[in-house]
Amino acid sequence: MLDSRIYRAALVPVLFALIVAAFSLSDRPRPIGTTLEPDAFSEAVAQRAVADIDQWADDYPARRPGDSGDAALGTKLAGEFRAMGSYQVSTPSFRAETADGKRRLTTVIARQVGQPGPGLVVVAHRDALGRRARAELSGTAAMLELARLVRGGRLKRTVTFVSTSGGSAGLGGARDLAQRLSGRPGAVLVLGDLAGTTVRRPFVAGWSTGDGVGALQLRRTVEAAVRKEAGTNPGGARATSQWARLAFPVTVGEQGPLVADDLPTALMSVGGERPPPAGDRIVRTRLQAFGRATLRTLTALDNTPTLGSAGSSRALVTMRKVLPVWAIRLLVAALLLAPIMVAVDGFARVRRRHEAVGPWVWWIVAGAAPVALALAFAWMLGVTGLLPATPPEPVPAGAVGIGTAGAVALVAVALVTLLGWIALRPALLRRTGGRAGRFHGEGAGAALLVTWCAVAAVLWVRNPYAAALLVPGAHALLAVIAPEVRLRRGLAVALVVVAAAPFLLVDLSLAGQLGLSPADFGWFCLLLVAGGVIGPLGWAIWSLILVCLVAALLVALRSRSSAVRPETPQITVRGPASYAGPGSLGGTESALRR
């Protein structure tokens, strides 16, 4: 059914793509530096910031997004900014989804007008899910001290300080801010936990909830400032972690919606993108070091004449080099070319033998329909408010507890999947003429390979990093479904595991980066669907991938080692190779005359 010559020939472009990718590597942009020391953020300033944190934690111990403590602290911060005399202060309110459902949130915006050109924005959220949560107030306290230090035109550019709500879960303040910022800022610096005892690297993040990662030069500038002032390595994401985030763009940090809106944004936090524990203590020296790093970053950005780079990038940083996304796209296309060409040729061969392929394609689609139906049901639970909360952005572990309603929702989704398999799948098979029996035969194999390659092609257009996860399966499934390749059952199953391995590895990577246990990860994914983070196209694609893997496993479980080789058919019709025709050996009248 499959032609190995086509497969070998189609692998030649892979070498060309590798050479092009190697020559496309470029140096990372240099961080923006400054010779001005941030001495203004002194020990006395850090002590005052710690005193503010203690006072706020005592006065507003409960600051869940949208509640009275959160609103009261926002009012106090607005008063502090107004008292400085240099800032235009506004406090817009809006409704957004939080860990407690829809709430009215208030954003405090203090703007100091400077010279024309791209401005600077500093963002910190003031809310918290736990009581007191002093470490989560450290970013707000540092931001307030920075506003005091740069007031009166000490920075040439326009600078805006923003206190948001909803940063603890749902990122409602950051989502709203992305729409409210006037003009395109030159850089947005998000401050997380700057003084807690929980340390998680990397300290600087630019992950997005859409496509891409925050501007690399801005991130390198912040990293250089942290390295200089804190005297420690800020860390960085490995190429595998970057690939996982670019294939499945999720983050729980406030920089996510801003990067998704193509704004040059970076997060600085000693705890990474995840929030610190509510009981974390404050380390004053750490607050001073990271406060100085923030001031150094603002000074460097204020003095550079080239501010205003691209907001986000989909490039991959590896071996201290930048690999552009077009090179990734070319390489993935080259790796998919051989399976796609073999699939097309195999499809044509099967059709010439009058083997049915369409009914088996409908078998796969009918199998994916119950899964997609269950995901749509989960989305409906979020829309109708039957789930406790469904924020439109990813949430940290434990922010939205499973509880009784969540457990019921998980059981209901599982039941919908089962009912869909019992009722919807047979109905679709009858309606479309699909095969209802065991998945086997050359037509079934061709349908599996064509569907897998079609899904990979669609993903390649949308996201080459996600499409790359299907590359091992596209090659491994060729051997699994080819009838002329006689594999033992164990080896065939191992190849199916190879096809599924990239998805499992990405899930493990994301769960590790976000601190999610297996149960938390399942609940996290359900909230992504219920909140609309994953849309209908995602439901269809991942449902098809899952059913294709199940179909491949069914094919692999057929025992080929015990299959009887077909007997050699008896030759009943002679052809030129075995018989040259009448008179070839003499004995005919025409031959005797010779």
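## Aromatic pairs and a cluster

Rings of Phe, Tyr and Trp (its six-membered ring) count as a pair if their centres lie within 6.5 Å, and the planes are called stacked under 30 degrees apart, edge-to-face over 60 and tilted for the rest. The model is predicted, with local features needing pLDDT of at least 70 and side-chain atom pairs counting only at pLDDT 80 or more, while totals for chains, interfaces and linings use all residues. Residues are numbered from 1 along each chain as its sequence is written, and side-chain values use heavy atoms, leaving out hydrogens and water.

Ring pairs join Phe81, Tyr87 and Phe161 into a cluster.

## Two pairs across the chain

The pair rule gives 11 aromatic pairs. In one of them, Trp243 and Tyr465 have ring centres 5.0 Å apart and planes at 80°, so the pair is edge-to-face. Trp243 belongs to helix α8 (residues 239-247) and Tyr465 to helix α15 (residues 464-467), 222 residues apart; helices here are DSSP runs of H or I with at least four residues, and strands are runs of E with at least two, numbered from the N terminus. Tyr465 is buried at 1% relative accessibility, whereas Trp243, at 22%, is partly exposed; buried means under 20% relative accessible area, exposed over 50%, and partly exposed in between (1.4 Å probe, protein chains only).

Trp363 and Phe439 form a tilted pair, with 4.7 Å from centre to centre and 45° between the planes. Because Trp363 lies in helix α12 (residues 358-383) and Phe439 in the loop between α13 (403-432) and α14 (442-462), this pair ties together parts that are 76 residues apart in sequence. Both Trp363 and Phe439 are buried.
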